[in-house]
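Here's a quick briefing to read alongside the sequence and the 3D view. Take it topic by topic, with the structure open as you go.

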Amino acid sequence: KWKGEGTTPNLESIVIGRCYDYIRILNPAVGEKNCSEIWEAFKNAFVNKDPCSILPKDYELFINLSLHTIPPNKSLFWENNQLLVNSFAARGRRYMSVGDTLFGFFADFLNWCGQPNSTGLDYESCPTTEECENNAVESFWRMASSTYAQHSSGEIHVLLNGSAVGGAYPEPGFFADYEIPNLQKDKISQIVIWVVDDIKGPDIDSCGTHTVERLENRLKALGYDITCTDNYKSVMFLLCLD
Amino acid sequence: DKDCLKIWESLKDAFIYKDPCNITSEDYQPLMELASHPIPCNKSLFWSKTSDLAHRYTKSNQNFLTLEDTLLGYMADRVSWCGDPSAPGINYESCPKRSECESNPSSVFWKTASKMFAEAACGVVQVILNGSIEAGAFRSSSIFGSVEIFNLNPAKVSAVHVWLMHDIGGPRSESCSGHSIKRMKSILEERNIMITCEDNYRPVQLLQCVRNPDHIDCRLCTNTT
């Protein structure tokens, strides 16, 4: 029916399990959270509705229940390098990317959607973003990204892929459309940009050129203090592993 | 396909309502059978006193699997449990440490699971050892030195490749020519398993360099601009 994959099997068990994993083991500093309540709020955002009519604000209660402080200087934004970011962030120990927050960890790598006139999840297929923008997953990440940006502070880091087709700083993109607009200028001391090329990959973009230059100009115009580094060594080592 | 609820029940049955100082391998047999799965040859990665490094390596390089990357190890990692004869049968307050009693649910679990992980290994296996610790890289007091090495099956395992890592900027207490490695060599040779050893295997060292990018040992060979 839809072009995209269906809801991840055992979704409920997985996300509730992840919630407990997060609050008991990964990051107990976030304190007590009601994982069942969080699941209910998450589910109610998209069940029993047209799967093409889900908006970011439908996840508001979910966010309110799962939100926690993001330590200053630990935010790591990224584009086109999710696996690298996961390695580099070291599960929140070095940096805390959106996937290392409770609300991001909850849903990372999963898929879900509902259907009208039924409280069940659709395990057969789900709409892709090409089929309709206001789908459950897309709206979730728009909400999660905005929230993540809003609650970031101190030194902010952005890891971009200098070998990405179309440029390191994609527009439209999550960072451009949902994160930058939600950064709280008065809480941010500096924005540190890292542009890293794939090993043996093309050097399509670098600091001061093309899309990165656009990003740097945009941030400067907004009044941010920024730095930009090509092929930041620490990240390069991770790429060399393969 | 695995039945996760059944797997939980078999884990629970292994320790609930039992004296937490009297757990045996047999208690875990049903769990082991339900949760075990075959490991592809040449992918087993053992480790001793290098937990963080070994696990970061398998996260980045899907060609290797530690015990903690198997279903059984993944489920139990960083989690603790123990029972008590009185209701509710599970003790959420405290659990015996190894020094209090050896046959506690956690220690027995990991010993049993490690034995199975070693038995399942085939082809060439790898082990990351720590050459910066005083007690020696290969120790008989470790699970690797007392359980895993003795449960590798010579009919299936052709060789053990040792990657002996020094902390970046750390002491070089031992290297491949050291005493404990010699001892390990004789144990394996007696069991008809070949052994090779490499100091500071570069791909693993690169991981250490992520945190020490400017150290002299972390200079990149090629000069890229």
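## A spot in chain A to start with

Leaving aside residues up to four places away in sequence, Asp108(A) touches Arg18(A), Gln82(A), Gly99(A) and Trp141(A). Keep in mind that this is a predicted model.

- You'll find Asp108(A) in the loop that runs between α5 (102–107) and β3 (125–126) of chain A.
- Is Asp108(A) buried or exposed? Its relative accessible area is 7%, and buried means under 20%, so Asp108(A) counts as buried.

**Strands in chain A**

- Strand β4 (residues 154–161) of chain A is largely enclosed by the rest of the structure, because 7 of its 8 residues are buried.
- On one pairing, β4(A) runs parallel to strand β2 (residues 76–79) of chain A, with 4 bridges joining them.
- To see that pairing on screen, pick Trp78(A): its bridge partner in β4(A) is Leu159(A).
- β4(A) also runs parallel to strand β5 (residues 188–196) of chain A, and here the count is 8 bridges.
- For this pairing, look at Asn161(A), which stands opposite Val196(A) in β5(A).
- How does the chain get from β4(A) to β5(A), and what is the hand of the crossover? The path goes through helix α7 (residues 174–179) of chain A, and the β-α-β crossover is right-handed.

**The open sheet in chain B**

- Chain B has an open sheet of 4 strands in the order β1-β2-β3-β4, with parallel pairing.
- β1 (45–48) and β4 (194–199) of chain B are the edge strands; each has a single partner strand, so one side of each is left without a neighbour in the sheet.
- On average, neighbouring strands in this sheet are turned by 20° against each other, direction ignored.
- As for how such strands hold on to each other, strands of a sheet pair through backbone hydrogen bonds, either parallel or antiparallel.
- β1(B) pairs with strand β2 (residues 123–130) of chain B in the parallel sense, over 4 bridges.
- Within that pairing, Leu129(B) in β2(B) is the residue opposite Ser48(B).
- Helix α3 (residues 51–60) of chain B packs on the sheet, where it touches β1, β2 and β3 (157–165) of chain B.
- The direction of helix α3 makes about 160° with that of β1(B).

**Where chains A and B meet**

- In this contact, 16 residues of chain B meet 14 residues of chain A.
- About 1500 Å² of area is buried between chain B and chain A, and carbon and sulfur atoms give 61% of that.
- How many salt bridges are there between chain B and chain A? The count is 2.
- Asp214(B) and Lys233(A) join their side chains in a salt bridge, at 3.7 Å from N to O.
- A network of salt bridges links Arg93(A), Asp52(B), Arg56(B) and Arg211(B).

**Salt bridges within a chain**

- Over all chains, the count comes to 17 salt bridges.
- In chain A, Glu32(A) and Arg24(A) form a salt bridge, and their closest N and O atoms are 3.0 Å apart.
- Glu32(A) is exposed, at 60% relative accessible area, while Arg24(A) is partly exposed, at 46%.
- In chain B, the side chains of Asp52(B) and Arg56(B) meet in a salt bridge of 3.6 Å, N to O.
- Both Asp52(B) and Arg56(B) sit in helix α3 of chain B, 4 residues apart, which is about one turn of the helix.
- Which of these two is buried and which is partly exposed? Arg56(B) is buried, with a relative accessible area of 12%, whereas Asp52(B) is partly exposed at 31%.
- Another salt bridge brings together the side chains of Asp69(B) and Lys59(B), at 3.6 Å from N to O.
- Lys59(B) belongs to helix α3 of chain B and Asp69(B) to the loop between α3 and α4 (71–76) of chain B, so the pair ties together parts that are 10 residues apart in sequence.
- Asp69(B) is partly exposed at 25% relative accessible area, and Lys59(B) is exposed at 52%.

Key. Residues are numbered from 1 along each chain as its sequence is written. Chains are lettered from A and ligands numbered from 1 in the order in which they are written. This is a predicted model: local features need pLDDT of at least 70, side-chain atom pairs count only at pLDDT 80 or more; totals for chains, interfaces and linings use all residues. Side-chain values use heavy atoms; hydrogens and water are left out. Two strands pair if DSSP finds at least two bridges between them. Helices (H or I, at least four residues) and strands (E, at least two) are DSSP runs, numbered from the N terminus. Axes are lines fitted to C-alpha atoms, for helices over the stretch in contact, and angles run from 0 to 180 degrees between N-to-C directions. Contact means heavy atoms within 4.5 Å. Buried means under 20% relative accessible area, exposed over 50%, partly exposed in between (1.4 Å probe, protein chains only). A crossover is right-handed if, with the strands pointing away from the viewer, the path from the first strand over the helix to the second runs clockwise. Buried area is the accessible area (1.4 Å probe) that two parts lose on being put together, summed over both. A salt bridge is a side-chain nitrogen of Lys or Arg within 4 Å of a carboxyl oxygen of Asp or Glu.
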